[in-house]
Amino acid sequence: MAYELEDIRTSQEIFYYLLENHELREEEEMLLYKAYAEREEVQSLVKSQGEVAGSTIVRYGNVIYLIPKEENNFLGFSKAQLKAVLCRSTATDKDYYLSQFVILTLLVEFFDGQGSSSKSREYIRVGELQNLISEYLKAGKRELDEEEEEQSGIAFTDMLQAYEALKSDDRGARTKTTKEGFLHHILLFLQKQGLIEYVERDEMIKTTKKLDNFMDWNLLNQNNYQRVLKVLGVAESE
């Protein structure tokens, strides 16, 4: 298929904008947004560039997003990078998987996968999230023996050990060696990615429209949602 030079140049402008900002909003860049939304050739070229760059280009409502694929460590984050950002300096794989479990727990508490929108609540307190993490880890350890944990790929025992190894500090310490500090740095990271609003003064967590859209349109079909519940021990295995 032959493309017009103007379409090629416009697609390059859109893709470069996405590389810089990771999203393109209609109200901020109306001409580029309309070119993507209304011109099939431009949209095809942008998506093709995204594919070459190991990413997916998607439009939810009036926003176009660039989403790096899982193996994309250039535009996304590698395991080592995430461990350095989210965990203490002496962190092991147990700590890393615990950080991912925290994020998974947060998602499940906000999104129930039902109805026209998967979102089920407007906010959650940090203290409630902390208690839920402990409850889910203990429940998972009770439900699965060592062999079953290995088969499921979810090491509840290791993650619970890592969580209990973190100190508890009612004074609100922000070091990654405390439960409060560990959660704090994870929440700051998610806020920096534009996924949550973390109101530190009120210890309140809210989701952003970006995360709401992503969960509604991309992640939480019913099959994926049931898999998440099984991981947390909320739903019974078939």
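**Note on the cores and helix α9**

1. Ser 99 counts as buried, because its relative accessibility is 0%, and the cut-off for buried is under 20%. The model is predicted. Ser 99 sits in helix α5. Leaving aside residues up to four places away in sequence, Ser 99 touches Leu 86, Cys 87, Phe 182 and Ile 186.

2. Next, the largest nonpolar core. This core has 36 residues. Leu 98, Leu 106, Leu 137, Ile 196 and Ile 205 touch the most other members. At least two residues each come from α4 (79-86), α5 (93-110), α6 (126-143), α8 (156-165), α9 (179-192), β5 (196-199) and α10 (209-219). Helix α5 gives the most, with seven residues.

3. Which residues does Leu 106 touch, not counting those up to four places away in sequence? They are Ile 124, Leu 129, Leu 187, Leu 190, Ile 196 and Ile 205. A second, separate core has 14 residues, among them Leu 24, Ala 35, Tyr 36 and Val 42.

4. Helix α9 is largely enclosed by the rest of the structure, because ten of its 14 residues are buried. The buried ones are Lys 179, Glu 180, Gly 181, Phe 182, Leu 183, His 184, Ile 186, Leu 187, Phe 189 and Leu 190. Their cover includes α4, α5, α6, α8, β5 and β6 (204-207).

5. The length of α9 agrees with expectation. At 1.5 Å a residue, its 14 residues should span 20 Å, and its end C-alpha atoms are 20 Å apart. Gly 194 follows α9 and has a positive phi, near 75°.

Note on methods:
Residues are numbered from 1 along each chain as its sequence is written. This is a predicted model: local features need pLDDT of at least 70, side-chain atom pairs count only at pLDDT 80 or more; totals for chains, interfaces and linings use all residues. Side-chain values use heavy atoms; hydrogens and water are left out. A nonpolar core is a set of buried Ala, Val, Leu, Ile, Met, Phe, Trp, Tyr and Cys residues joined through side-chain atoms within 4.5 Å. Buried means under 20% relative accessible area, exposed over 50%, partly exposed in between (1.4 Å probe, protein chains only). Helices (H or I, at least four residues) and strands (E, at least two) are DSSP runs, numbered from the N terminus. Contact means heavy atoms within 4.5 Å. The expected span of a helix is 1.5 Å times one less than its number of residues.
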